[in-house]
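Subject: Structure for your review

Hello,

Here is the structure I promised. Please open it next to this message and follow along.

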Amino acid sequence: MNLLWLGFGGIFTAIEYLVASLLMMITIIGIPFGMQTLKMASLALWPFGKTVRSGERSGGCLYILMNVLWILLGGIWICLSHLAFGVVLCITIIGIPFGLQHFKLAGLALTPFGKDIIKEEGEKLFGFPPSFILFKGVILHGSLLCEQFLKFAIQSLAHSSVSHCLIAFNTVL
């Protein structure tokens, strides 16, 4: 089903989220929002077999504030577009599985902060502690994390293709 999803528009949705993420990460203020669109890109690329769950940290004040900012700055429109696509696809029997994936993306698009994308077997795919991350074998924190991650992403873009940069983003655990 994931291959059909890619063929019928999933790849374009994932690329749009990836481009939006890279544009947001140009500014320091946009990095947290860029990380959330990366999360949505990973789900939009291969949605079948994954589920979105609220993490144990999703009730914190910072996550609530960031989700409110996200909704006000455009998250509501992303959510409504996925809901519209989901309703249209669910009209036909053949489109129901794809419509359900759009509903999953709509839920993530409304409040992405504090959510984790998990394989249905329970393995965490793209959730990480709010300020710590394992990057290239080193635990990074705060501004060092942002600096090292952006240096690696820029080097990947400068020295190779976009697919290598995608691999770089997938190395973040």
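**Aromatic pairs**

Both W70 and F113 are buried. This is a predicted model, so please read everything below with that in mind.

How many aromatic pairs are there? The count comes to six. One of them joins F48 and F98. Their ring centres are 5.8 Å apart and their planes stand at 90 degrees. An angle over 60 degrees counts as edge-to-face, so this pair is edge-to-face. F48 sits in the loop between helix 2 and strand 1, while F98 sits in helix 4. The pair therefore ties together parts that are 50 residues apart in sequence. F48 and F98 are buried.

W70 and F113 make another edge-to-face pair. Here the distance is 6.3 Å centre to centre, with 80 degrees between the planes. W70 belongs to helix 3, and F113 to the loop between helix 4 and strand 2. So this pair ties together parts that are 43 residues apart in sequence.

There is also a ring cluster. Ring pairs link W5, F48 and F98.

**Nonpolar cores**

The largest nonpolar core has 20 residues. Which residues have the most contacts inside it? They are M40 and F113. Helix 1, helix 2, helix 3 and helix 4 each give two or more residues to this core. Leaving aside residues up to four places away in sequence, M40 touches Y17, W70, L105, L108 and A109. Another core, of five residues, lies apart from the largest one. Among its members are L18, M25, I31 and L38.

**Helix 3**

Now look at helix 3, residues 61-90. Helix 3 has 30 residues, and a straight helix would reach 44 Å at 1.5 Å a residue. The end C-alpha atoms of helix 3 are only 36 Å apart. Where does helix 3 bend? The bend is at G74, by about 70 degrees.

G74 is also one of the buried residues of helix 3. The buried residues of helix 3 pack against helix 1, helix 2 and helix 4.

**Helix 4**

Helix 4 covers residues 96-110. At 1.5 Å a residue, its 15 residues should span 21 Å. The end C-alpha atoms are 21 Å apart, which agrees.

The buried residues of helix 4 are F98, G99, Q101, H102, K104, L105, A106, L108 and A109. What covers them? The cover includes helix 1, helix 2, helix 3, strand 1 and strand 2.

Take Q101, which lies in helix 4. Is Q101 buried or exposed? Its relative accessibility is 8%, and buried means under 20%, so Q101 counts as buried. Q101 touches W5, P47 and F48, not counting residues up to four places away in sequence. W5 and F48 also belong to the ring cluster with F98.

**Cysteines**

A search of the whole structure finds zero disulfides. C61 has 69% relative accessibility, so C61 counts as exposed. C79 has 6% relative accessibility, so C79 counts as buried.

Best wishes

Conventions
Residues numbered from 1 in each chain as written. Predicted model: local features only at pLDDT ≥ 70, side-chain atom pairs only at ≥ 80, totals over all residues. Heavy atoms only, no water. Helix = DSSP H or I, 4+ residues; strand = E, 2+ residues; numbered from the N terminus. Expected span 1.5 Å × (residues − 1). Buried < 20%, exposed > 50% of the residue type's maximum accessible area, 1.4 Å probe, protein only. Contact = heavy atoms within 4.5 Å. Disulfide = S-S within 2.5 Å. Core = buried A, V, L, I, M, F, W, Y, C linked by side-chain atoms within 4.5 Å. Bend = angle between axes of the 7 residues up to and from the residue. Phe/Tyr/Trp six-rings, centres within 6.5 Å; stacked < 30°, edge-to-face > 60°.
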